Amino acid sequence: MKDVFVLGIESSCDETAAAVVKNGRQVLSNVISSQIVIHRKFGGVVPEIASRKHIENIMPVIDEALSQAGMKLEDIDAVAVTYGPGLVGALLVGLCAAKSLAWALDKPFIGVNHLEGHVFANFLNDRELEPPFMALVVSGGHTALLKVKDYNEFELLGQSRGDAAAEAFDKIARVMGLPFPGGPEIEKLAFWGNPLAIKFPTARLDNPYEFSFSGLKSAVINYLHNEEQAKRPVNRSDVAASFQHAVVEALCQRAVYAMRHSGLRKIVLAGGVSANRTLQDTLAAEMAKIGCGLVHPTPSLCTDNAVMIACRGYFMYRAGVRSPLDLNAQPSLKLCM
Ligand code: KG4
Ligand code: ZN
């Protein structure tokens, strides 16, 4: 079969990224221009600044991705780009660049759901990975359990109500005065803490596939305020470790339930929080107990990148999926849409 080279483009939040992937599984280049340092001053992503920086960076990043892959634009078989979810102004930059290239080159144009992209990052880490499998999605705004029945067939089992796990990480980090993004900072602080020092409550929901981290987030913030008002010294590492423990426990409990009831043998982690080592290790141990395996992306592919978009785009390309050139950005795009 002829080799297929997909150019992936990603600009949904604060990373401008482009990558070339061969046959969906072989990374030829992976270029990411991160704006984290710029947004850190503001404690979070400022949408207008993100859009402006994407405009400055998008073409140099695409050029660099092609150059690292040793390819010219004409060698590309398809252009895949994130069209949602994300910040509308940020998404539009990547989308316009991708559409213009696809139109000028007369090549297929494929709009990719960013969340599906995160799931597909796992195909780059495990060459043997094939559907069906379960995906625990823990990205910036979403926590969800997704059955990947086939390369282009998914079933959403349940998702978070209120705050996603990553939002709880980021909001608690902000209250603790830690830099943005908060997830990795909480993880570092938690390393020195006792995860059993403080018992934070986790939500009990009727639907065993749903998640809720809003109550946990409020409990941690209330604890910090109460201790401060009572002028009691707070062991910040214990707070971080106990919070992280509560999140990981809630995620693992539902993942184990989902695997027991699905008959599937493999689960993958997807999204920024999948970079968390405690989550990776605990979930791997829980899965081993029930005879299941865990796959997670390599650290650089856990957070936003264009390799995962190119990979997702490749499997859509193979299935004959093509997007119209009037495809618009969809900031609130959901899983399974
Ligand atoms: O999936 P992602 O890159 O963005 C979206 O697609 O929305 O996820 C970003 C989120 C941020 O909230 C960040 O704090 C969190 O992932 N994150 C982590 C870790 N690394 C990134 N959370 C916990 N532990 C980490 N090591
Ligand atoms: Zn993401």
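In this predicted model, a tour can open at the second largest pocket, whose lining residues divide into 7 nonpolar, 5 polar and 4 charged. The space in this second largest pocket comes to about 340 Å³. Select Gln244, His245, Val248, Thr278 and Thr282, which are the closest to its centre among the 16 residues that line it. Then colour H6, helix H8 (236-262) and helix H9 (277-289), the elements that give two or more residues to this lining; H8 gives the most, with 8 residues.

Next, turn to the largest pocket, which has a volume of about 1,300 Å³. Helix H1 (36-40), helix H4 (114-125), helix H5 (165-175) and helix H6 (182-190) each supply at least two residues of it, and H5 gives the most, with 7 residues.

Stay with Cys13, which is partly exposed, with a relative accessible area of 24%. Which cysteine sulfur is closest to that of cysteine 13? It belongs to cysteine 302 and is 16 Å away, too far for a bond. Cysteine 292, finally, is in no disulfide either, since the nearest cysteine sulfur, that of cysteine 252, is 13 Å away, and cysteine 292 counts as buried at 10% relative accessibility. The structure as a whole holds 0 disulfides.

Definitions and conventions
Residues numbered from 1 in each chain as written. Chains lettered and ligands numbered in written order. Predicted model: local features only at pLDDT ≥ 70, side-chain atom pairs only at ≥ 80, totals over all residues. Heavy atoms only, no water. Disulfide = S-S within 2.5 Å. Buried < 20%, exposed > 50% of the residue type's maximum accessible area, 1.4 Å probe, protein only. 1 Å grid on protein atoms, 1.4 Å probe; cavity = no way out; pocket = protein on both sides within 12 Å on 5 of 7 lines; lining within 4 Å. Points joined across faces, edges and corners; volume = space filled by probe spheres on them. Helix = DSSP H or I, 4+ residues; strand = E, 2+ residues; numbered from the N terminus. Nonpolar A, V, L, I, M, F, W, Y, C, P; charged D, E, K, R; others polar.
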